[in-house]
Amino acid sequence: MRKKLVSLLMGTFMVGTLLMGCANGQEASPAPAAPEAAAETAGEAEDAKEDLAASDIKIGFLAPTLQNEFFITIDNGLKEECTARGWEYIAVSFENDSATAVSSIENMVTGQCDLIIAMVSDSSCDAALAAAQAEGVKIMECGVQTEVYDVCLNTDQYGIGKEIGAMASDWINTQLEGAGKVVVYTTYQNEDMQKRGQGIQDMIAELAPDAEILEVVDIGKDVVGAGTATTENMLQKYPDLNTIVSYGDAAAVESMEAVKAAGLSSDDFGIFACDGTLQAFEGIANNDVMRGTVVFAAIVPAMIEYCERVLQGEKFPDMISFGTTQVTSANISEFYTAD
Amino acid sequence: MRKEILQFKNLSIGGASYGKIEQADLFIRRGECHAVAARDYSGQMLAELFQGKTQIIKGTVLVEERQILQNSRDIWGRHKVFYIGAVTTFLHSLNLAENLFLLRRNSLKKVRLNQKAIYHQAEQMLLKYGFQYDVKASVDTLGNVDRLYLSMIRMAQQGARLIVLNNVSYNCSAADRVKLKALIERLKSEGIAFLIIDNHLDVFYEQIDCLILMDKGYIIKKVYGNINLCRESDELLKRTIGNDSMAYEKNSEEKFTVPYNYNQLTVDNQISDNEKNSWHFTKISLNQDQDFHIDLTEGNIIFVANSNVAEQERLWSILSYAEDSKPVIIKNDKILACRNVNDLIRSKIALWGTKGESGHILYNLTIEDNILLPSLKKISSFGGFYQDKAKYIWGEELLFQNDFLEKKEARSQEDILQTIMYKWQLFHPGVLIIYNLLSSVDARMRGWLSEQLQLMAKRGTAILLLENTLEDTISIADTMWIVRDGKVSVSFTKEELITKRNRDIMELL
Amino acid sequence: MVKETRSKLLKVIRQLMHNKINVIIFIIFFLYCIINGYSFYTLSFFRQFMLITIIAAGVFIQMLCGDFDLSFAAQIAASTVLIVLLKRQGFPIGVVLILILAANGVIGVLKGFLIGALRMPSIIMTLALQIIFSKFFEGLTNGNSIMLYEQKALYGNMYFGLFSAALFILLLLVCRFFLHQTYYGKYGRMIGENIELVEKSGLNTTAILIVIHMLASVYFTAAAFLMVSWTGSGSINMGTSYLFKVLAALFLGGVGYRNGKGELSGVIIGSASMVMLVFLILNSGQSLFYETIIEGLIILWSVTICLKK
């Protein structure tokens, strides 16, 4: 019994000591980068740049999923860019599970990552990110803005929704003379996507007042196959449906295939979305029912640029917005060629 | 006057696999040992009652004057009436002491388990009955007989009033039988009653207080208290088997006659020994010192009797590829590539294990399909079509007459055994290894099986019998080996077996 | 003396051989860390290890009695949502924990009853429960994380660290006590090996299974509580990635499938191996898809071995 008690006490002490060790580190958890730090001198940045080139850099990419073209594109782009610079690169998908995200952040810190690109969806990983910062790891938040970051690249989701809505309204007004019968694909499972969906609806109501929004459908977040299934249902439910506006290209591309399969492919059917995926571009270029998408200013180069700048010691207390461009048949040639 | 433990008053039970028991009256008192001798499966029907498999249709069942209204094993357990079948299972995740103490009814109110007390009590308990086992040891190495003793002791400790033993003697060696009888005597002296249903009642003549003779589900006679009378009655019953209209009529053209076409398929006896196929099973390590080997020749029947039942279990286990150490099989000087049971079947070596039925029958298939199963590959044409050949097989009555097939489903033990026998006859294996099949069935079925095995041997199958019973086995064997400590201690030829008496051979065991 | 040392040495070697896959993972992990200069004694390793071990201990208790639980991850996720929802309603944490324990206890009763009394195959039953939990709470939360805005995550808090370590050790001791010193622990193993024999022996298997599943639910509650505390949020996706990790950890630890075999030490070793494996895969630059593939392979391999035995 005594032995067991001693073991118990020793075990508690050992684990506790370890926890305290970390907690001490955590106490120095930094707040978001102070604004005054932004006023670094150009000379200091130049020195850091030299250091950056000389040292081994390891970048960790924390993605909510790697089964979606948008994230796969980013992952591939980052991998290429990092390899080109001689940096080590690791990526992990946490499957929208915050507990796994926290573990992955810890593993990246233990694995001596210099910078973590965290595409988290909320502030549930803030404590772990702060602990990582305390260990000297730089944090780049992307697609969300929480309290812990060294640089935050984000977009105005409502604004993007409005851009999608504007494209769709423009097409409805010119092609359908305003008589659009619209279904909007949104999701309430993600705050950002919900904002996008709202932006779409508001803009259509404003710019194409004669168009009728038949239904706003929650198709889930990045659910493979949801676009196909929902579109098949919608086409049956609303035979006069002629416009589908989706929060993302993944569902839009699936919808395009479903519309083609239903034999409804015509000049008077239009699908609009966002993300600028290759399949969406193909659809627009081939004059399929895919009519428009919103493309972000090249996201990977922006990420890499800010990675370099943060690693060189620059501070970015304010969120940095991505630029966006509407892509339709009018300007598709600038983004996509069949070759 | 001793207290009555179990009473049947005008009892009728139904729903058993074999039929009904009707108008049964029975009184078993404290410390009495009753045994059932039956010409048919009446004994098994009675055994099914205690397994909770049958329904009480009419009459009264009283256990210590408390009526049992519904039949389930749980209810019998509550009334301290326990059943032990031919195969006794223990749990490998527990050690011996835990198997003794935890496999029993518990109110589940107690949470804390006192391991030390369990070991101590287990040791005391075993000591009380004169058994010595390592109570902390794993039960993996225990033989079925050990598990039988331990189960009886466990039940005694649970306050058993009546223990029903169903066909437990067949896998007991001579020495084990002595121990078993001693244990029964000891438990009887403690007031525990026994009901023994067995194909070898001769083992228990000295313990039996009342012999119940049964036929067609009826109790036809009860013989009390006299060993000689019991013996005579039992033997008379066995002798009269052939006179029963329900039973196998060995010399008539009824449904269990020897299949005439099958007779005609026997091999040419003129083949010289050199031309016959031979199988050599080697690297069978029954003990660490030496390898045991078995030589079989086409058409020969070898009967292997072990003095130690655990050794026999191990031999079967090795031959049936259930052990890590696998035998090497050489057929006509060529090593057969056998890694598992499937390979054995591919090499035309068939196995027929304990109790005959388990693992050999698929209950969701018809009798026809079960018989065809191992031979399907042989009779199927390209694309797996076998129906034409199957029609030919059934139509020509190669194996048996069609009325057996009319049953469609094999439900009773006799149907099952026949199905398996026909299955192997159609498959026509080079070697058939049999483990305690003849020992586990009644005299009537044993006679029929023996004849069928002889037919198979005539047709060229080499048969290896691992059996405990000498009855019928000796008469069909060409050679008999008595195996002791991993090697053949005595060997008998057919001529010697004819001249020797069973009792002489038993003594050698 | 020499004989004793030799037998001890042989025992150690036997143990190592028995755990050869774990030994290989341990060696690769330590070599990898040493070569790359990573410190493997960090808090993060122990935090992950604690979490996976607590969940694994719960699943282990169920698996000992032959039940293959596929719903535990969804049960944990649902618990995290409930904890946050109740906390946001203003309930004190003690009350919240009692309520969650009670809710999980009811789920334990349900599992035990369905498996014990109705003889439902555990895989099918827990698969159905998993779908029910996830879809119900997905509907309730729209699939979003629910944040405890007013309360910061306790990740890295010294006192909470000590508390979670103590809770971890307590839960392991309870598990050990349950397995070795209670009737129910033994009965669980017995049911895992041969439920029919246990029933024939006159034991109430349904009651035993209910108790066992209720105890397992305590472990899932603890895991959910730790997850919420560390992330400050609850979500229907929280902990779902642990489903295969935990099952693989158990199989790595030598927990048998339907044979009532396995020891807590194996669970601990298996969990440690799994944490190391995840770390190795992530930091070697391989996609975590490989992790899931490896987990699947471990499960397949182990179940094959168990069934073969």
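The model is predicted, so local features need pLDDT of at least 70 and side-chain atom pairs count only at pLDDT 80 or more, while totals for chains, interfaces and linings use all residues. Residues are numbered from 1 along each chain as its sequence is written, chains are lettered from A in the order in which they are written, and side-chain values use heavy atoms, without hydrogens and water.

Let's start with chain B. It holds 19 helices and 20 strands (DSSP runs: H or I of at least four residues for helices, E of at least two for strands, numbered from the N terminus). Of its 509 residues, 55% are buried, meaning under 20% relative accessible area with a 1.4 Å probe, protein chains only.

Now turn to helix H11 of chain A, residues 299-311. Its 13 residues reach 18 Å from first C-alpha to last, close to the 18 Å expected (1.5 Å times one less than the number of residues). Its buried residues include A:Ile299, A:Met303, A:Tyr306 and A:Leu311. Just after this helix, A:Gly313 takes a positive phi of about 105°.

Finally, look where chain C meets chain A. The contact (heavy atoms within 4.5 Å) takes 52 residues from chain C and 48 residues from chain A. There is one salt bridge between them, a side-chain nitrogen of Lys or Arg within 4 Å of a carboxyl oxygen of Asp or Glu. A:Glu106 and C:Arg47 form it, at 2.4 Å from N to O. On the side of chain C that touches chain A, H7(C) gives the largest share, nine residues.

Technical notes
Buried means under 20% relative accessible area, exposed over 50%, partly exposed in between (1.4 Å probe, protein chains only).
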